[in-house]
Amino acid sequence: MPILMTARYQVRPHAIDRCKKAIQLLVDHVKKNEKETLFYMAQQETLNPYSFLHIMIFKDEVALILHRSSKAAENFVKALYPETIDPLEFKEYNMTATNFNL
């Protein structure tokens, strides 16, 4: 059963460009190397450009573990976490309805 997750956070204004680069590097890695990560999208809020939301769908628990244990995820954490205002808020969801083919 797929695992649906979000991650929400806000970064310090001086670090926004550095954090956006870390996001792009992570998403590039996911696209090239994580075939079991079925969907990964990072969004920047329009009205508050320091706020971000990631939406992820992992095929299963193994895919999630592989993602979390990747070198790219480690680099992302090292670059981003020190620049967040509050800890990242992760949430897991159950699928209710979608037009996305899983």
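Me: Which runs count as helices here, and how are they numbered?
Reply: A helix is a DSSP run of H or I with at least four residues, and helices are numbered from the N terminus. Strands are DSSP runs of E with at least two residues, numbered likewise from the N terminus. The structure above is a predicted model.

Me: Where does Ala 73 lie, then?
Reply: Ala 73 is located in helix α3.

Me: Buried or exposed?
Reply: Ala 73 is buried, because its relative accessibility is 9% and the term applies under 20%.

Me: Which residues is Ala 73 in contact with?
Reply: With neighbours within four places in sequence left aside, Ala 73 is in contact with Leu 26, His 67 and Arg 68.

Me: And how far is Ala 73 from Met 1?
Reply: Their C-alpha atoms are separated by 23 Å, and the two residues are 72 residues apart along the chain.

Me: Changing topic: in what order do the strands of the sheet come?
Reply: The order is β2-β3-β1-β4 in an open sheet of four strands, and the pairing is antiparallel. At the edges are β2 (37–44) and β4 (89–93), each of which pairs on one side only. From one strand to the next, the twist averages 15°.

Me: What holds paired strands together in general?
Reply: Strands of a sheet pair through backbone hydrogen bonds.

Me: How many bridges join β1 to β3?
Reply: Strand β1 (residues 3–10) and strand β3 (residues 51–58) are joined by eight bridges and run antiparallel. Within this pair, Ile 3 stands opposite Phe 58 of β3.

Me: What packs on the sheet?
Reply: Helix α1 (residues 16–33) does, touching β1, β2 and β3, and its direction makes about 165° with that of β2. Helix α2 (residues 61–68) also packs on the sheet and touches β1, β2 and β3; its direction makes about 30° with that of β1.

Me: How many bridges are there between β2 and β3?
Reply: There are seven, and these strands run antiparallel. Thr 37 has Phe 58 in β3 as its bridge partner. The two strands, β2 and β3, form a hairpin with six residues between them.

Me: Back to β1: is Thr 6 buried or exposed?
Reply: Thr 6, which lies in strand β1, counts as buried because its relative accessibility is 15%, and the cut-off is under 20%. Beyond its neighbours within four places in sequence, its contacts include Leu 53, Ile 55, Phe 90 and Tyr 93.

Me: Which residues touch the most other members of the largest nonpolar core?
Reply: They are Tyr 9, Val 11, Leu 26, Phe 58, Phe 76 and Leu 80, out of 23 residues in that core. At least two residues of the core come from each of β1, α1, β3, α2 and α3 (71–80). Helix α1 gives the most, with six residues.

Me: What does Leu 80 touch?
Reply: Not counting residues up to four places away in sequence, Leu 80 touches Tyr 9, Val 11, Cys 19 and Leu 88. The C-alpha atoms of Leu 80 and Arg 18 are separated by 8.1 Å, although 62 residues apart along the chain.

Me: Last one: what is the volume of the largest pocket?
Reply: Its volume is about 240 Å³. The pocket is lined by 17 residues, and the closest to its centre are His 67, Arg 68, Val 77, Tyr 81 and Phe 90. The elements giving two or more residues to this lining are β1, β3, α2 and α3.

Conventions: Residues numbered from 1 in each chain as written. Predicted model: local features only at pLDDT ≥ 70, side-chain atom pairs only at ≥ 80, totals over all residues. Heavy atoms only, no water. Pairing = 2+ DSSP bridges. Axes fitted to C-alpha atoms, helices over the stretch in contact; angles between N-to-C directions. Contact = heavy atoms within 4.5 Å. Buried < 20%, exposed > 50% of the residue type's maximum accessible area, 1.4 Å probe, protein only. Core = buried A, V, L, I, M, F, W, Y, C linked by side-chain atoms within 4.5 Å. 1 Å grid on protein atoms, 1.4 Å probe; cavity = no way out; pocket = protein on both sides within 12 Å on 5 of 7 lines; lining within 4 Å. Points joined across faces, edges and corners; volume = space filled by probe spheres on them.
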